[in-house]
Amino acid sequence: MMMPDLTIEDIFSREKFIFIAGPCAVESEEQVLDTARFLKSLGVNFMRGGAYKPRTSPRSFQGLKEEGLKILAKAKDETGINIITEVMDSDNLSTVTKYADILQIGSRNCQNFSLLRRVGELNKPVLIKRGFGNTVDEFVQASEYISNGGNNQIIMVERGIRTFESSTRFTLDISAVPVLKERVPYPIFVDPSHPAGLARYVEPLSLASVGAGADGLMIEVHPDPQNALSDSKQQLNFEQFRLLFDRVNALRDTISKF
Ligand code: PEP
Ligand code: MN
């Protein structure tokens, strides 16, 4: 059965704060289905997973490509979970668009202006991640490439920037959350996984993001992080995610009382 396309309004009319979770990369049907079932059991309705992976080294796992998209579609069919997956270039845009409920533009493509223009012509939510070398101003201007085409269904994600600090993988620019909320009318999310680089830092960064006013979190979760084909050190296992989920919700409940 053809389902109507998801809109940002639908997303936020049902839930006030959105969790997007799932593996860095789609690796197998079992991995993705287990994750989708687990997330749905918690009430998480959005699953991420890269089928086309922008890897720093060409020797690293590059993703299962269309086979990966088919696995995501299967998880959606079985569980009803909504799918967020990355579109890396205009060549695979029409293929990825067929499978994704929300298109992800990765940090490395934040200033790929031709790709931004192309997704700006679509009637589909676009989640754009801040380039790790981009200022907030540049990030805002990237969003304008999308909205100028008529597509205002945008989610902006702070995911850490490069600084002189090397004790974490990237420096989460927590200030970007309140600043962006003043500058754009879009939901502002945080991805704490990529700046953390290590699983044990993901929860404190998530709690800080909630405190700063984020509208949602995008978190890497894997059934067996140690054997993940990418970003194995930062992905949470199911138990770690369950704990984070409960604590983030507890903090949100507390904040909402004041
Ligand atoms: C990702 O979310 O899968 C990813 C590659 O992150 P980023 O583009 O922020 O590096
Ligand atoms: Mn990753």
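This is a predicted model: local features need pLDDT of at least 70, side-chain atom pairs count only at pLDDT 80 or more; totals for chains, interfaces and linings use all residues.
Local features need pLDDT of at least 70, side-chain atom pairs count only at pLDDT 80 or more, and totals for chains, interfaces and linings use all residues. Residues are numbered from 1 along each chain as its sequence is written, chains are lettered from A and ligands numbered from 1 in the order in which they are written, and side-chain values use heavy atoms, without hydrogens and water.

Helices are DSSP runs (H or I, at least four residues) numbered from the N terminus. The axes of H9 (residues 199-212) and H10 (residues 238-256) come within 10 Å and cross at roughly 20 degrees. H9 and H10 are therefore roughly parallel (angles under 35 degrees). Contact means heavy atoms within 4.5 Å. From H9, the contacting residues include Val 202, Leu 207 and Val 210; from H10, they include Leu 243, Leu 244 and Leu 251. By class, the H9 contact with H10 has nine nonpolar, three polar and three charged residues.

The axes of H6 (residues 136-147) and H7 (residues 176-183) come within 11 Å, crossing at roughly 45 degrees. That makes H6 oblique to H7. In H6, Val 136, Asp 137, Phe 139 and Val 140 meet Ala 176, Val 179, Leu 180 and Arg 183 of H7. Here the classes are six nonpolar, no polar and two charged residues.

Residues around ligand 1 (a heavy atom within 4 Å) include Glu 86, Ser 107 and His 194. Polar side-chain atoms also approach oxygen atoms of ligand 1. The distance is 2.7 Å for Arg 48, 2.9 Å for Lys 53 and 3.0 Å for Gln 104.

Terms used
Axes are lines fitted to C-alpha atoms, for helices over the stretch in contact, and angles run from 0 to 180 degrees between N-to-C directions. Helices (H or I, at least four residues) and strands (E, at least two) are DSSP runs, numbered from the N terminus. Angles under 35 degrees count as roughly parallel, over 145 as roughly antiparallel, 65 to 115 as roughly perpendicular and the rest as oblique. Ala, Val, Leu, Ile, Met, Phe, Trp, Tyr, Cys and Pro count as nonpolar, Asp, Glu, Lys and Arg as charged, and the others, Gly among them, as polar. A polar contact is a pair of N or O atoms within 3.5 Å; within protein, one must be able to donate a hydrogen and the other to accept it, and residues adjacent in sequence count only if both atoms are side-chain atoms.
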